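Biologist: Could we go through the salt bridges in this model? Please begin with the criterion.

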Amino acid sequence: MNEVLDPAANLGVVSATTCVSKVELRICCKHLLDRDTLNKSDPCVVLLMQSQGQWAEVERSEVIRSNLNPVFAKVFTVDYYFEEVQKLRFEVYDIHGHGGPGTHDDDFLGGMECTVGQIVAQKRVSKPLFLKYGKPAGKSTITVTSEEIFGDNGFVELFFRAKKLDDKDLFSKSDPFLEIYRINDDGSEQLVHRTE
């Protein structure tokens with residue numbers, strides 16, 4: 001008895017296992033525009049991906065209060081298809097309202113477009129931010145760092161506690177949080193996690 005194989009089915013299995021990888025994207029910005037009158041902007045990054053000519057939101061970062069040079073703890077995870085051009089857009093907003101980034105209450109601080117392939121190939125992409133109609137957003141820049149995820153990443157559970165911290169606020173108690181960094185191969189530090 002002769003067995004008939006469907007070549008298309010085999011190709012689908014091969015491309016699903018060998019042509020896709022998961023990529024983590026980490027984001028920081030420098031010299032953001034200051035749109036607030038009493039203190040600094042409260043930035044948040046929105047990640048959009050183009051599909052069939054339309055931009056769709058993928059994820060958004062946390063809001064960092066009163067900071068023009070934010071390092072976001074949020075890690076964006078995207079699938080990287082080697083044979084496809086995957087266009088990404090990063091939009092930075094100064095958050096004012098509670099409706100989420102991009103609402104009429106929020107100020108657009110700038111955006112940048114690139115492809116997943118560009119970020120993966122360079123591992124670190126720094127570009128200027130642009131306002132609408134191609135106008136530069138001052139000296140604002142965004143840096144996206146990529147890292148491909150290989151194998152089965154395990155996890156570690158850590159518990160931290162602090163006692164007798166200095167009170168740094170004048171009229172109330174301090175609002176402490178913890179940041180965990182890792183050391184990259186080039187000796188630079190990379191924010192891994194920021195607690196509440």
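Modeller: A salt bridge here is a side-chain nitrogen of Lys or Arg within 4 Å of a carboxyl oxygen of Asp or Glu. The model is predicted, so local features need pLDDT of at least 70 and side-chain atom pairs count only at pLDDT 80 or more, while totals for chains, interfaces and linings use all residues. Residues are numbered from 1 along each chain as its sequence is written, and side-chain values use heavy atoms, with hydrogens and water left out.

Biologist: How many salt bridges does the rule give?

Modeller: The count is 7 salt bridges.

Biologist: Which residue pairs with Asp 79, and at what distance?

Modeller: Lys 22 does, with the closest N and O atoms 2.7 Å apart. Asp 79 belongs to strand β4 (residues 76-81) and Lys 22 to strand β1 (residues 20-30), so the contact ties together parts 57 residues apart in sequence. Strands (E, at least two residues) are DSSP runs, numbered from the N terminus.

Biologist: And what of Glu 113?

Modeller: Glu 113 forms a salt bridge with Arg 89, at 3.4 Å between the closest N and O atoms. This links strand β6 (residues 107-115), which holds Glu 113, to strand β5 (residues 87-94), which holds Arg 89; the two residues are 24 apart. Arg 89, Glu 91 and Glu 113 are linked in a network of salt bridges.

Biologist: Is Arg 89 buried or exposed?

Modeller: Arg 89 is buried, at 17% relative accessible area; buried means under 20%, exposed over 50%, and partly exposed in between (1.4 Å probe, protein chains only). Glu 113 is partly exposed at 43%.

Key. Helix = DSSP H or I, 4+ residues; strand = E, 2+ residues; numbered from the N terminus.
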